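Have a look at the model first, then read on.

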Amino acid sequence: MNAIQCEHLTKRYPAVTAVDDLNLAVKEGELFALLGVNGAGKTTTVKMLSTLSSPTSGDAILLGKSIVHDREEVKRLIAISPQETAVAPNLTVFENLQLIAAAYGFGKKEANEKSEAIAKQFGLDSVRNRRAGKLSGGWQRRISIAMALIGDPKILFLDEPTLGLDVLARAELWDMIRALKGTVTTILTTHYMEEAEMLSDRVGIMKEGKLLAVGTVEELKTLTGCEKLEDAFVFLIRKGAAQ
Amino acid sequence: MKTYRFAVRTAKEILRDPLTLFFGIGFPAVLLLLLSAIQANVPKEVELFEISHLTPGVACFGLSFLTLFSALLIAKDRSGAFLQRLYATPMGAHSFILGYTLPIIPIALAQTVVCYLLALILRLPFSANLFLVLLAVLPNAWLYISMGLLFGSILTDKQVGGICGALLTNLSAWLSGIWFDLALVGGVFEKIANLFPFVHAVELTRAMQAADFAGALPHFLWVLGYDLAITIAAVFLFLRQMKKN
């Protein structure tokens with residue numbers, strides 16, 4: 001079954017078409033990476049799929065619910081870890097987790113249990129009583145993903161989750177994201193080719209709002225005759241530009 | 001539960017910021033001490049900063065910082081991705097609006113209590129009427145809290161510093177009759193000042209302190225009118241930015 005089915009999904013602004021007639025299916029439990037240069041429409045796609053922005057036309061069906069007609073139901077199925085740091089800086093790590101658990105409708109007892117469990121799962125116990133705003137970028141990203149998972153989402157959107165992190169912090173986050181495969185359908189947007197290669201089941205390449213190609217990393221390499229995903233990406237982007 | 005947790009978060013974000021304690025409690029206290037010291041050093045027949053007249057004004061002036069704290073928090077939340085994350089959860093608009101505004105009411109009450117406790121130490125005569133001041137705090141706090149929601153919904157965090165931190169606190173200080181009688185200046189200045197809610201907030205507090213309900217009523221109506229108008233505008237603007245996000 002498809003977790004996400006985009007049907008002619010389009011977002012137009014007065015000066016630009018950010019997402020242009022996107023048709024895409026993502027299977028349940030799949031980790032799908034959206035690649036593209038700046039302004040390709042990755043973040044706009046994620047914003048529409050996560051109900052933060054309404055499509056100009058078209059629709060997307062998330063586990064049977066429409067992002068146009070069933071926004072509230074969709075919100076119960078999804079979670080987002082935005083590109084920028086998205087924590088409450090003066091709350092402790094544990095309080096941040098409790099807040100998001102409450103936002104998903106969990107009562108006090110359940111919110112505490114969820115927070116305890118996710119803090120343990122993400123190795124946050126050592127910083128649980130520290131203010132989130134005082135922690136390093138790596139910790140904040142880790143908390144951000146933990147916050148996104150506390151509501152038990154069926155679909156998770158990770159927008160540039162490792163942007164600006166050092167090699168070690170990135171490797172740790174990759175392990176966490178890899179552990180979600182098969183249980184949570186994940187849409188990952190990234191600039192890093194090696195990230196997409198390491199983590200994703202399939203990759204979609206976007207340019208100027210259009211989806212140029214979709215496939216596994218191996219399929220994209222075969223399609224373009226390139227040995228590396230990075231070369232395949234450049235080939236497809238240039239080919240898209242030439243067209 | 002959603003609204004409660006978000007309200008708790010608002011309170012913690014504000015109270016854990018050292019600037020809150022300095023401007024919210026410390027600055028009004030310093031003003032009260034300083035102006036009382038000046039009053040103590042002028043001849044007794046000159047009533048420059050008489051404590052029973054000054055305290056309601058300083059208590060109201062202190063509330064103007066609540067606009068700054070509230071607007072700054074909302075603007076910062078908007079500028080980062082924190083609100084984006086929450087907008088993608090099942091939390092409704094009412095939870096955001098109530099969560100941003102309700103927790104500031106007890107902060108306003110606490111601020112006023114501290115101001116009056118200090119005034120009592122500075123020889124403000126104790127009277128049961130002082131408890132009536134807490135009733136006046138509610139519409140006055142509502143005024144400044146709704147302004148916080150309004151400015152936080154339309155300004156960036158840097159703009160909030162200028163508009164609420166400098167402009168609003170100055171308007172609130174100069175057009176409120178706290179430090180001098182507006183009638184002494186008279187003319188256009190007095191007329192303009194009377195069109196703003198600040199002087200009415202101060203006069204409402206003074207009238208309640210004196211248990212002068214008839215005198216309080218017209219000022220209460222002015223403040224209430226502003227409360228309703230600003231709240232409607234603030235809710236509209238908050239929902240608009242929420243949709244835009």
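## A threonine in a helix

B:Thr67 sits in helix H3 of chain B (helices are DSSP runs of H or I with at least four residues, numbered from the N terminus). This is a predicted model, where local features need pLDDT of at least 70 and side-chain atom pairs count only at pLDDT 80 or more, while totals for chains, interfaces and linings use all residues. Residues are numbered from 1 along each chain as its sequence is written, chains are lettered from A and ligands numbered from 1 in the order written, and side-chain values use heavy atoms, leaving out hydrogens and water.

Is B:Thr67 buried or exposed? B:Thr67 has a relative accessible area of 0%, so it counts as buried (under 20%, with exposed over 50% and partly exposed in between, using a 1.4 Å probe and protein chains only). Leaving aside neighbours within four places in sequence, its contacts include B:Tyr144, B:Phe151 and B:Cys164 (contact means heavy atoms within 4.5 Å).

## H1 against H3

In chain B, helix H1 (residues 2–15) packs on helix H3 (residues 51–79) at about 110°, with axes 10 Å apart. That makes H1(B) roughly perpendicular to H3(B) (65 to 115 degrees). On the H1(B) side, the contact uses B:Arg9, B:Thr10, B:Glu13 and B:Ile14, and on the H3(B) side B:Phe69, B:Leu73 and B:Asp77.

## The cores

The largest nonpolar core has 148 residues, and A:Phe157 and B:Trp179 are among those touching the most other members (a core joins buried Ala, Val, Leu, Ile, Met, Phe, Trp, Tyr and Cys through side-chain atoms within 4.5 Å). H3(B) gives the most to this core, 15 residues. Another core, of six residues including B:Leu204, lies apart from it.

How values were computed. Axes fitted to C-alpha atoms, helices over the stretch in contact; angles between N-to-C directions. Helix = DSSP H or I, 4+ residues; strand = E, 2+ residues; numbered from the N terminus. Parallel < 35°, antiparallel > 145°, perpendicular 65-115°, else oblique.
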